[in-house]
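Subject: Structure handover

Hi,

Here is the structure you asked about. Please load it before reading on; my notes follow below.

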Amino acid sequence: MTVKAGQRRGLIPLLVIATAQLMLVLDDSIVNIALPTIQRELGVDPVHLPWIVNAYILAFGALLLLGGRIGDLYGRRRALQAGLAIFVLASLAGGIGFNSEMLIAARAVQGLGAALVAPNALALITTTFSERKTRDAALSLYGAMSGLGIVVGLLLGGVLTDTLGWRWVFFINIPIGILVLLGSRNLVEADRHSGSLDVRGAVLGTGGMVALVYAITRFGEDGFTDPIGLGLIGTALVLLAAFIATQARSGTPLVPLNLFRDRGRAGAYASMLLLAIGPMGTFYVITLYLQQVQQYSPLQTGAGWLPFAAGLVVGAGSAPKLLNRATPRFITAVGALLSALAAFWFSFIQVDTSYWLHLAPAMFVLALGFGLGVIALTQAAVYHTESHEAGIASALLNSAQQIGVALGLAVLAGIAATITSRPEHANLTEGAQLVTGYGSALAVAAGLLIAAGIVAAATLPSKTPAQPDEKPVVAGVNQPGH
C-alpha cells in the first residue's frame, strides 16, 4: 500500500511537469493552424498576421533567461505557478479578443507566462525526483512532450477551429492550465539563491528585439525607405548596444558575454538563429498556402502537417546516435542543407501542386534536417562549458531559436506580401498572386538555411566533443517557435 501511495505521489508531479511542457508546445502549433481563420474574421492585414505568432515567440525567447533567474531568486515552484496563472489569464484574453491588437497583446502576455513556466518546470524535475531512474524517466517524458505537442497541436487546432471556432485554440489552455496549477502543489521547491534581478537588461534586450522585428515588418509593408522602419532600426541598435553594455558591467548578467568568446559556441548560437528562420518561416507560409490557395480546411491542414512532425521525431531521435560517429559541425551542416533542399523544393509550388508528390516529402525532409541540426547545436553549445554555466548556455541556444523564428516569420511574411502586391501581378488570379509571393519567400528561406550550414561548417568544432571521460549535455528539440 505504501509503495502504491508513493508511486501515485510521484506520478502527479510527473504529469504536472509534462503537461505544462505539452501546453506550451501545443499553444504554438495550434495557433498556426487557426491563423487564416483569424485573419479572415478579424480582418488582419497579411503583413501584421505574423505578430499573432511573433508576439508570443519574442516575449518567450527574450524573457526566458529572466524567468529562470526569477526562479533562482524567489523559488522555482512559485515562479512556475505565477507563470501558469499569467498564461491562463492571457489565454482567456486571447479567446475573447475582439480585434488584432488585443489578440497580439494577449499573445505577448502568454509569452511572459511561458518564460516563467518553461525553465522552472525543467529545473523542478531535479528537485522533485531524487531517484536517478525516476528523474531520467521524467526528463525523457519532458522531452517527448515537444514532439507530442506538435502533433496534438496540429490536429487539435484543426478540430477546434473547424468545429467550435478559432477562439477555442486559446480557451483550451484554461482548463489545462488550471489543472496543472492545482497539481503544482505536489512539486518539491528548490533552494533559493542570492543575487539580483536584471530587469533593466531584460527590458533593453526585449525592446531591442521587438523594434528589430517590427522594423522588418514595416519594410515588408512599405519598402526599405519607410521612415518609421528606419527609425525602428536605429532604436533597435541603440537598445541592443545598451543591453550589451549593461551585461558587460553587471555582476549577475542575464547573458554572460564570456560564453561568446568560444568560437564554436558563438557559431552554434549564430547557426541556430539562421536554422530556426527557415523551417518555422516555411511552416507559416505553407500553412497559409494550404488554406488560402489549396482551400484546405483547418482540420485538413493540421493533418497535412503530420509528415513534418514525423520528420522532427526521426531527426531528433537519430541525432544522438549519429553524434557518436560524426561531429556537430557535420551533422548541423547536413541538417541545414537538407532543410534548405526542402525549402527550395517548396518554392516551386503552384496553385494545384500535389500534396503527396510534392508537399508531404518536403515537409518530412524539412523537419528531418531541423531535428538533426537542433540536437547537434545543443551539444556544440554546451561543450567545454563549466557545470554552473551549462544551463545558461543551453537557454541561450533556446533564445536564439525563438528569436530566429520571429525573424523568419517577419522576413518571409514581408517578402510574400511585397511580391504578391506588385502591380505586374494584378492580372493574375488571387491564388496565382499568392503563390508568386509564397514561392519567393520560400526561396529566401532556402538561402538562409544554406547560410546556416555554411556558418556551422566554418565555426563549429572539427572534433567530436564526446571524450571518454565526458558526457555532453543534449537537450530536447523545442517546438516550432519554442
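Leaving aside neighbours within four places in sequence, which residues is Met363 in contact with? They are Ile286, Leu290, Gly304, Trp305, Pro307, Phe308, Phe346 and Tyr355. Keep in mind that this is a predicted model.

Met363 belongs to the largest nonpolar core, which has 123 residues. Trp305, Met363 and Tyr438 have the most contacts inside that core. Helix α10 (residues 263–292) supplies the largest share of the core, 15 residues. There is also a second, separate core of 8 residues. Ala319, Ala326, Leu368 and Leu372 are among its members.

Now the overall picture. The protein has 16 helices and 0 strands. Of its 482 residues, 56% count as buried. Take the contacts with a separation of 6 or more: residues 24 or more positions apart account for 84% of them. The accessible surface comes to about 19500 Å², and 66% of that belongs to carbon and sulfur atoms.

Buried residues in α3 include Leu80, Leu84, Phe87 and Val88. Arg76 is buried as well.

Last, the surface. Ile178, Leu179 and Leu182 form a nonpolar patch there, with about 290 Å² of accessible area together. Leu179 sits in helix α7 (residues 173–183). Why does Leu179 count as exposed? Because its relative accessibility is 62%, and the cut-off for exposed is over 50%.

Best wishes

Conventions:
Residues are numbered from 1 along each chain as its sequence is written. This is a predicted model: local features need pLDDT of at least 70, side-chain atom pairs count only at pLDDT 80 or more; totals for chains, interfaces and linings use all residues. Side-chain values use heavy atoms; hydrogens and water are left out. Buried means under 20% relative accessible area, exposed over 50%, partly exposed in between (1.4 Å probe, protein chains only). Helices (H or I, at least four residues) and strands (E, at least two) are DSSP runs, numbered from the N terminus. A nonpolar core is a set of buried Ala, Val, Leu, Ile, Met, Phe, Trp, Tyr and Cys residues joined through side-chain atoms within 4.5 Å. Contact means heavy atoms within 4.5 Å. Patches are made of residues with over 30% relative accessible area and no salt bridge: like charges are joined within 9 Å, nonpolar side chains (Val, Leu, Ile, Met, Phe, Trp, Tyr) within 5 Å. Accessible areas come from the Shrake-Rupley method with a 1.4 Å probe; for residues, only the protein chains shown count as cover. A salt bridge is a side-chain nitrogen of Lys or Arg within 4 Å of a carboxyl oxygen of Asp or Glu.
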